[in-house]
Each structure stands twice: as structure tokens, then as C-alpha cells.
Amino acid sequence: MTATREIAPTRADDPASVAATARRLLTELPGPRSRDLEAERRRQVTDAFGITMPVFIDHALNALLVDVDGNHLIDFASGIAVTSVGAANPRVARRAAAQLERFTHSCFMVTEYASFVDVCRWLNEHTPGDFEKRTALFTTGAEAVENAVKIARAATRRPNILVFDDAYHGRTQLTMAMTAKENPYRLNFGPFPGCVFRGPTAPAHATPDGPGEALTQVEALLAEHGQETFAAMVIEPIQGEGGFIVHAPGFLTGLREIATRHGIVLVIDEIQTGMGRTGKLFASEHEGIAGDITLTAKALGAGLPLAAATGRAELMNAVHTGGLGGTYAGNPVSCEAALAVFEILGEGTLLENAGRIEAAVRRRLGPLVALEGVADVRGRGAMMAIEFRDGSGPRGDLAAAAAKAANAHGVITLTCGTNGNVIRLLPPLGIEADVLDEGLAVLEASIRYVLS
């Protein structure tokens, strides 16, 4: 076995000073084989794909990703909240492999298969809301969002959609219109579809007086354009790409009341927050609300493409037969992966782990808010973030530098936020305590090093 390369520490707050126990750093990052593959990637793949780390992965070991040079990296990204049960979960692999042996595809709209129905049944039973539900399966999160809009418009015969500041809903033309962040998501891609209006939010960390003013502004916006013209309002229970923004208590319940009063379909986008990420199956459970339609994707298929819209039966059935679908919608291999995810979540351990992850993050990173440049540590469960801001405003440069330092020392981190000034943490829900602690130690040291 090749010995772990020793990295000589320089200062106590240097990420290189954290002992590499879970990590195994045999080369610099990226290593020589990754560099060769990256050169070929640049020759073959469009430059339009942004890459966080030009490191090529060979296999996964729960919360560790092993690259082609043999380096073991701690995964604080989970494929952007996708591999919540681990990137190589054996139960997912067994069910998917067994389905691959039977058949890979038939298109549910041509000939049916039971796993599609089984996934829909589980979502109908477990998605918030004490009402009869129906589910439609799709392939991507953006596809689920667009179909929710189609369903709401078909059911209400209204055109307008209300979305919110700092929202992210996808990269298609309609979902880009619904997304707030300009660069890189909307830049140069207009014009966008109309009938999309944007309302204010009430971030818990920025509205100590509560959500009253934001809700008043939402009411005013609806009145200005005619409440009777709005088919749906679409919101993430925790805003992901916008900066892991937790809404002030009462904001989501206020939206629920407004939507009900005006006959507007409330769509809860749980694409990043669902499947146990926040310590409950769905983040909206923390607020005690239910969407008329709830959207899931990402962790739903454990890395295999699968998305869903689950909603009130009368809404979901308002669309004419043939109006929903897709060639790959609810692919049987992806459905088997989802059924494995449901089994794993049903055991309860991963939901409990999400709470332990939050406690560890707050314990390790919470004290950093005393430093100039660190504004907030926030989130729920295994969806946590640290925001960089000082008297001059958002500090995206600090977030980028700290993330880059952590990445270079074997901890995969992502930035987010409308201003790019947030580091987000999305470890697998089953990450071992010692691996989590080592990764957080590297991140803490990286932040202190950048701020010193």
C-alpha cells in the first residue's frame, strides 16, 4: 500500500496542519492522472460546464470519494444533495442491478411496470398533507417544476406564477425565468417566458421582526396584478442555491394562508431539501405546512435521474390524459433506486444523523461568526451553510478562497448564494462522526487561514 503523503504544517490555522486520517492525500490535487483526463475533457467537452474540482473520481466509500490517483476526499457535496444515502450505497446498487438484468426501459406510457406505481404510492403516503394525493414521475428537478406549473395552470385556468427572491428552480427557459440568480444561470439566455412575478422573502437571519412586512408586500404584489390571475406560487422551504436561507418563522405559514384565500396553488419545491436532508423527510414539516403540490428529485433516486410532483388528487387529475409524461419519466432502474432509498430512510437512522450533523457543524463553525468576515452559520440538519460578509457587503471572494483551500486539502465543498458568498455543506447523511469532524476541521482551518 502506498504511504500517505505527509504535508508539513506551517501554522495552526493552516488546513495543511489537520492530520489526514480519513483523507488520503497521495498527490497534490488534482493529481497527474486527473490532470491528463482534465486535458482530454477540455478537448472534448464544452467549456460551458463549470467544474468545482478538476478531479476525476474512480469509486466511492460512503462519505469518501476516491479519485483516479488514489486520493481519498471527504465529500461535503453529495453531488449537490443527490447521494444522501452515499454515492455507493449497496442496497441501491443491488436493486438497480437486479432491474438492469430484467430490462432497462420500456417507457411507462407504452407498457407499465410496478416499481413506478410503488414509488408513487410511497410519495402519496409520506408527502405532507392530509388529503388524497396523486403523483407523476419525471426525470429532472427542472422538469418537475415545469410540470407543476402546467398542472396549476390546467387546474386553475390562470396564467401567472409567483416566485421569490433568491429562488433557484432550474436551468430550462421557464425555470430560468423563475430563478433569481443572474450569473451563471440566466446570463445571455433571455428572453425568458412571461407571466412570472417575483416577491420578497423574510430570511430568518435578516428579519428579526418577523415576516409581517414581506407578507404584506406579497399581498400587494398579488393585488397589483390581480390575485385571480395567479395559478401558483412556488417556493423552496429552505432556499438552496440562493444561500441556504431559512425563512423566518411564520413566513411559509403566511404564504399558505394567502394561497388558500386566493385559490392559488402552493407549490413547495423540496428538490434539494427533501428525502431527509434537513432531519425530516420533507423540510416543510419543520413549519407544519403542506403544499398543494410538493416536488422531489435529487436524492429521490440516489444519483439515478428521477423526479416527482405529488399533489392533491383533484389538481393532479385536472390535466387531460396524455398531457403529462416523458420518454424517460420514471425509468424502472431509477424507480428501483428510489425504493431502496425509501427502505433506508424508513429505518430512521439517517434522519437522526442529520440532527447530529447539524450539531457538529454548529459546534465547530458557529464560533467563527466572531471573526470579521463571517456573518452567519445557518441551516437545518445536513443542509448547513456559512455566510461571508463584512461592512463592505457580501464577500464572495472570501467564500471562494476558503472553499478552494478546503478542496485543495481533500474536502469537497461548494459555494452558493445570490452573491456567491456562502459555503454550503451537504455531506451524506450516513457520514461517520470522525470523517465529519476531520472535514470540518479542515474547513475551519481554511476559513481562519483566509481571514488571517
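This briefing describes a pocket, a nonpolar core, several strands and some backbone features of one structure. The structure is a predicted model, in which local features need pLDDT of at least 70 and side-chain atom pairs count only at pLDDT 80 or more, while totals for chains, interfaces and linings use all residues. Residues are numbered from 1 along each chain as its sequence is written, and side-chain values use heavy atoms, with hydrogens and water left out. Helices (H or I, at least four residues) and strands (E, at least two) are DSSP runs, numbered from the N terminus.

**Second largest pocket**

- The second largest pocket has a volume of about 590 Å³, where a pocket is an open set of points on a 1 Å grid over the protein atoms alone at which a 1.4 Å probe fits, with protein on both sides within 12 Å along at least five of seven lines. The grid points are joined across faces, edges and corners, and the volume is the space filled by probe spheres set on them.
- Its lining, made of residues with an atom within 4 Å of a point, counts 25 residues, of which Phe108, Thr135, Ala136, Gly322 and Leu324 are the closest to the centre of the pocket.
- Helix H4 (114-126) and strand E4 (133-138) each supply at least two residues of this lining.
- By class, the lining has 13 nonpolar, nine polar and three charged residues, with Ala, Val, Leu, Ile, Met, Phe, Trp, Tyr, Cys and Pro counted as nonpolar, Asp, Glu, Lys and Arg as charged, and the others, Gly among them, as polar.

- In soluble globular proteins, nonpolar side chains tend to be buried together.

**Cysteines**

- The structure holds zero disulfides, a disulfide being a pair of cysteine sulfur atoms within 2.5 Å; for Cys120, the nearest cysteine sulfur, that of Cys335, is 7.3 Å away.
- Cys120 lies in helix H4 and is buried, with a relative accessible area of 8%, where buried means under 20% relative accessible area, exposed over 50% and partly exposed in between, with a 1.4 Å probe and protein chains only.
- Cys416 also counts as buried, at 1% relative accessibility.
- Cys120 and Thr175 are 55 residues apart in sequence, and their C-alpha atoms are 24 Å apart in space.

**Sheet with E1, E2, E3 and E16**

- An open sheet of four strands has the order E1-E2-E3-E16 with mixed pairing, where two strands pair if DSSP finds at least two bridges between them; its edge strands, E1 (57-61) and E16 (411-412), each pair on one side only.
- Four bridges join E1 to E2 in an antiparallel arrangement, with His59 as the bridge partner of Val66, and the hairpin of these two strands has two residues between them, where Asn62 in the turn has a positive phi of about 55°.
- Three bridges join E2 (residues 64-67) to E3 (residues 72-75), which also run antiparallel, with Leu65 opposite Leu73; four residues separate E2 and E3 in their hairpin, and Gly70 in the turn has a positive phi of about 90°.
- Both faces of E2 are covered, with Leu64 and Val66 on one side and Leu65 and Asp67 on the other, all of them buried.

**Strand E11 and its partners**

- From E11 (residues 293-296), Ile293 and Leu295 point one way and Thr294 and Thr296 the other way, and all are buried.
- E11 runs parallel to E10 (residues 265-269), to which three bridges join it, and antiparallel to E12 (residues 307-312), to which it is joined by four bridges.
- Ile293 stands opposite Val267 and also opposite Gly311 in E12.

**Backbone features**

- A cis peptide bond with omega of about -5° joins Leu29 and Pro30, and Pro30 is found in the segment before helix H1 (32-44).
- The peptide bond from Gly190 to Pro191 is also cis, with omega near 5°, and Pro191 is found in the loop between helix H7 (182-186) and strand E6 (196-199).
- Ala302, in the loop between E11 and E12, has a positive phi near 55° and counts as buried at 11% relative accessibility.
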